[in-house]
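I opened this model to look up folds, contacts and charge pairs. My notes follow in the order I took them.

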Amino acid sequence: RVTTLSIHEEKRWPYSGSADDQGGGRINASVPTGLNDREFAHIIEALVLPYCERWSPQAVVITCGADALAADPLSKMGLSNGALWDAVEAVREVIPTCVVLGGGGYNPWTTVRCWAGLWGRLSGRDMPQTLPLEAQAILAKFDSDLIDEEDRDRLWLTALQDKPNNGPIRESVIALTRVLYQRHIAG
């Protein structure tokens, strides 16, 4: 009665959830390193939303892992926070009964901005182009042993939304969604 549909980076900790690990309520979409916004949107449109429409779950719990963001030091994915926000809103349009949780995230700047922006979008708030000075002051006090000072993007202190990371949709992503669609949705 419960299905877990997981979109996660292939061959990363905890080294489980491969595309071959399916069934028993598990759908594993293990994606290639460097997944970009367009590829993520493709997975949402070609797999996640059709699954929701086909099976009409009574409720959905979304764990929005900020470790999928481009600047996370422990993953090699490449998403912008806007891509995650768009995906959550798309699922919520199909299945309005949602619980949305934060998860993962080892870059304190990108993680807090992702979750704050997600809350803002879900609650219908207007997104500022520039963060208020009070928010900038809080973010400026953050530190991380995982991110060198010269690798810190100034945008992390001044803006809520990341720049989009649009790139081509790789054939491996298309093939993965096609296989999972056939296995779990089409029949």
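**Entry 1: His 184.** I started with the neighbours of His 184. Leaving aside residues up to four places away in sequence, His 184 touches Gln 22, Gly 23, Arg 26, Ile 27, Tyr 51 and Trp 55; a contact means heavy atoms within 4.5 Å. I placed His 184 in helix H6. Helices are DSSP runs of H or I with at least four residues, strands are runs of E with at least two, and both are numbered from the N terminus. His 184 counts as buried at 15% relative accessibility. The cut-offs are under 20% relative accessible area for buried, over 50% for exposed, and partly exposed in between, with a 1.4 Å probe and protein chains only.

**Entry 2: ground rules.** The model is predicted: local features need pLDDT of at least 70, side-chain atom pairs count only at pLDDT 80 or more, and totals for chains, interfaces and linings use all residues. Residues are numbered from 1 along each chain as its sequence is written, and side-chain values use heavy atoms, with hydrogens and water left out.

**Entry 3: the whole chain.** I listed 6 helices and 4 strands. Read from the N terminus, the order is β-β-α-β-α-β-α-α-α-α. The radius of gyration is 17 Å, close to the 16 Å of the globule rule for 187 residues, so the chain is as compact as a globular protein of that length. That radius is taken over C-alpha atoms, and the rule is 2.2 Å times the number of residues to the power 0.38. Along the principal axes, the C-alpha atoms fill a box of roughly 55 × 35 × 30 Å.

I then checked burial and contacts. Buried residues make up 41% of the 187 residues. Of the contacts between residues at least 6 apart in sequence, 74% join residues at least 24 apart. The accessible surface is about 10600 Å², and 53% of it belongs to carbon and sulfur atoms. These areas come from the Shrake-Rupley method with a 1.4 Å probe; for residues, only the protein chains shown count as cover.

**Entry 4: Ala 66.** Where does Ala 66 sit? I found Ala 66 in the loop between strand S3 (60-65) and helix H2 (81-94). Ala 66 is buried, with a relative accessible area of 0%. Not counting residues up to four places away in sequence, Ala 66 touches Asp 72, Gly 103, Gly 104, Gly 105, Thr 111 and Trp 115. I took one C-alpha to C-alpha distance: Ala 66 and Thr 111 are 5.4 Å apart in space and 45 residues apart in sequence.

**Entry 5: charges.** The chain has 18 positive and 24 negative charges, and their mean positions are 5 Å apart. Lys and Arg count as positive, Asp and Glu as negative; His and the chain ends are not counted. Each charge is placed at NZ of Lys, CZ of Arg, CG of Asp or CD of Glu.

How many salt bridges are there? I count 7 salt bridges, each being a side-chain nitrogen of Lys or Arg within 4 Å of a carboxyl oxygen of Asp or Glu.

- Arg 121 pairs with Asp 86, the closest N and O atoms being 2.4 Å apart. This pair links distant parts of the chain, with Arg 121 in helix H3 (residues 108-122) and Asp 86 in helix H2, 35 residues apart. Arg 121 is buried at 19%, whereas Asp 86 is partly exposed at 45%.
- Asp 162 pairs with Arg 113, the closest N and O atoms being 2.7 Å apart. Asp 162 lies in the loop between helix H5 (155-158) and helix H6 (171-186), and Arg 113 lies in helix H3, 49 residues apart. Both Asp 162 and Arg 113 are buried.
- Asp 143 pairs with Arg 152, the closest N and O atoms being 2.9 Å apart. Asp 143 is exposed at 57%, and Arg 152 is partly exposed at 23%. I also noted a network: salt bridges that share partners join Asp 86, Glu 89 and Arg 121.

**Entry 6: backbone angles.** Most residues other than glycine have a negative phi. I looked up two with a positive phi. Lys 11 has a phi of about 55° although it is not a glycine. Lys 11 lies in the loop between strand S1 (4-9) and strand S2 (26-31), and is exposed at 71% relative accessible area. Ser 56, also not a glycine, has a positive phi of about 40°. Its place is in the loop between helix H1 (37-55) and S3.
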